[in-house]
Protein chains: 2
Amino acid sequence: MNCEAYFCERFEELRKEGRYRVFADLEREVGGFPRATLHCRGEKKQVTVWCSNDYLGMGQHPAILAAMHEALDRCGAGAGGTRNISGTNHYHVMLERELADLHDKEDALLFTSGYVSNWAALGTLASCIPGCVVLSDALNHASMIEGMRGSRAPVRIFAHNDPADLARKLAELDRDTPKLVAFESVYSMDGDIAPIAELCDAAEAYGALTYLDEVHAVGLYGRHGGRIAAQQGLSDRLSVIEGTLAKRFGGVGGYIAASAALCDFVRSYSSGFFFTTALPPHVAAGALASVRYLKSSFVERDNMQGRVALLRRWLDDVGVPHLRNPSHIVPVMVGDADLCKHISDVLLDK
Amino acid sequence: MNCEAYFCERFEELRKEGRYRVFADLEREVGGFPRATLHCRGEKKQVTVWCSNDYLGMGQHPAILAAMHEALDRCGAGAGGTRNISGTNHYHVMLERELADLHDKEDALLFTSGYVSNWAALGTLASCIPGCVVLSDALNHASMIEGMRGSRAPVRIFAHNDPADLARKLAELDRDTPKLVAFESVYSMDGDIAPIAELCDAAEAYGALTYLDEVHAVGLYGRHGGRIAAQQGLSDRLSVIEGTLAKRFGGVGGYIAASAALCDFVRSYSSGFFFTTALPPHVAAGALASVRYLKSSFVERDNMQGRVALLRRWLDDVGVPHLRNPSHIVPVMVGDADLCKHISDVLLDK
C-alpha cells in the first residue's frame, strides 16, 4: 500500500466535504484581546478573534502574567520530570489544594490538559475498578469517549440529558456491578445544561459513581467561580468533577477534584498521569493566581453575561437565528460545512 | 461495591510491595540546578535533585527564559483555543518549521506532551490506515503501548532490539497489509541504543512504515543536537520521528516530524491533536529558543558526556555495579522496590 497516496486521497475527500482544516497563523496581543495579528503568505494584518475560549480574557490579566513571570524566574521553564521523578513542584501542590477547595472536594489531581484528564481519569476508573460498566451521555466529548474506549470497559449510552433513560439503562445492570455515570454540565455545541440533580438521583438509586465534566463551566458559574454543580449545591453528589485551566483560567492543563482516595487511586494507576512530564511550575503558578482571583472577583463574569445578552440582541436585530439556552454559549447553526467555513473566512477578513 | 474501600485495599497492596508513590514537594531554583527546596511537613530544606530529566539544564538557561518572558508579555498566558479554533500562534508555526529542519523532515506537528504525541500519532496511524498491523518492540514506552491499544489495530511484539525477529514477524504478514514498525532509539531503563539501520532494513524489505521514538535522544546526539538517527545519517529511512520538548529542551510538549502528507494526516484525523487547547505561545517560544541554541552550542552536550563518564568512574571506585551502554543513561539496578525507595530517600535526605 502506498500510504502517501492514501493520505492525499483522504485530503481530497475532506476538501470536497468542506472539512479540510486550515489553521489561522495568529499572534494574540496582550492588552488588546480579542485583537490579534494574522500571518498570511508573508504578510501581517490586524484581525478580531471571534472564537477564543479564553472567555474572560484572563490570559492577559496582569496578576496572572506577574505570577507566571515570577515563577519562571524562580523555578525555570519546565518541571524537569514526571510528578514521581522530581517533577512535583510546590506550585502544583498549592494549585491542587486550591482546586479541591474550589470544588468542595478533599483533593484534586493535575493533568497536562483537559483532554488528558478526561481520557486518563475515566479510562483508569473504568479499567481498574473490576467489572465496571460506564453509562455515558450520548453527546459526551471526544476525550471522554477515548477514555472509555481505551479502558475496554462495557459502555452503555443513555439519551442526551435524559435521567429517565439513564435510570432504565442502570436498571438493566446487575445490582452488584460497579457503575460509573459520565456526563457534562454545559455542552459546548448547543450550550444546554444537564439536569445534574436528576441524573444524580438516578445514579444514587443504583449505587453508581458520578463523573461530571465541567470544562465549559469552571470559572463562569457558582459563588466562587466554581461551576454549575457548585451553583446548584450539588458538589457532594458528584464523585468526580473534571475541569480545565485552559479556558476561563486562561492557561493550559486539566484536573479532577474528588475524594482523597479516588484522586490517589487515579494518581497511582493512571499511565497518562504519571508517565508524562508535569506542567511547568510557572503554568501552575498562573493558574493558581487565576483561580484565586476569580474566587473573589465577579466583574468578569457579570461582563460576560451582559455581552452574551448583547450579542443575542444584535443577532435578533439582523435576523440571524440562534439556539436559546441558559448558558454563555450562543450557537448559530449554519448546517453546511462549506458555508460555515465561508462565514468564518468573512469574519476573519472583514 | 464500595469503591472507596476497594481503593484503600489497593493502596495497602502497593505499600506492601514498596510501590506506593510519595511525591517530593520541590521548588527547583533557577541558577542553582540541580539544587531545590524541599517542602516537607511545613518545613523547608535544601536538597540535590538526582533525577531530573532536564539533562542539560536548559530549563534555567537565560536565553530560553528571556524568550519566554517576551512571548508571555506579547501573547499572554495561553493559546486561547485548539489549533483549529484560533489557538495556532505564530510561535507554534515557527517551532514546527524548526523541528522539521532539525530532523531533516518536510514538516512537524506539535502536541501537548511527548506522551500525547506517541499516543495520538501512533493511535491515529494504526487506526486510520485501513488494515494496518503494528510491529512493536517488546520494551516500548507506555505512551506508545496506549496508542496501539487505543487504535484497536492488531499488534505483533518483536523481541527487543532484534531485527531478525522483526523480519520473521513481518514475513508472517500478507505482502499487501499496511505495516507500521514502532521502536525507540534510546531506551530509558537500560540506556541501550536500537540497531536503527538494521531495523529499517527489515522494515524496508517488507514495505513497512517506521516510527522512531527519540524522546531520550533529541538534543543530545547528532551534529545539530538532532538525535541518534541524525547522528547515524538515517533520517530518510524513518517515516516518523517522535520527540519531546520536556527533557533536553527544558520545557513541556511533544512532536512528530515526518513527510508533509503524514503530518497533515495526523493533524486532520487525530482527536488527541485537535480536540485540545494548544500549548501556550510562550512555551513554544521557549522551545524554539532552546532548539535553536542547541543546534549551534556543543558545550552542554560535551559537558554531559564528561559527567556521565565521571559518574561511572565514581560508581566503580565505590564498587556500585552499573550497566554498560553507549548512551548518557547510567542504570544502577537495585532489583528490590523497598530498597530502591530507601536509597532514593537517603539521596534526598543526605
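Here is a short chat about a predicted model and a few of its features.

Mentor: Some ground rules: residues are numbered from 1 along each chain as its sequence is written, and chains are lettered from A in the order in which they are written. Local features need pLDDT of at least 70, side-chain atom pairs count only at pLDDT 80 or more, totals for chains, interfaces and linings use all residues, and side-chain values use heavy atoms, leaving out hydrogens and water.

Trainee: Is B:R10 buried or exposed?

Mentor: B:R10 pairs up with B:E13 in a salt bridge, 3.9 Å from N to O; that term means a side-chain nitrogen of Lys or Arg within 4 Å of a carboxyl oxygen of Asp or Glu. Buried means under 20% relative accessible area, exposed over 50%, partly exposed in between (1.4 Å probe, protein chains only). B:E13, at 40%, is partly exposed. B:R10 has a relative accessible area of 18%, so B:R10 is buried.

Trainee: Which residue forms a salt bridge with A:D165?

Mentor: A:D165 is buried, at 9% relative accessible area. The closest N and O atoms are 3.1 Å apart, and the partner is A:K169.

Trainee: What rotation superposes chain B on chain A?

Mentor: Copies are superposed by least squares on the C-alpha atoms of residues with pLDDT of at least 70 in both. The shift along the axis is 0.0 Å, the RMSD is 0.0 Å, and the rotation is 180°. So that's the relation of a two-fold axis.
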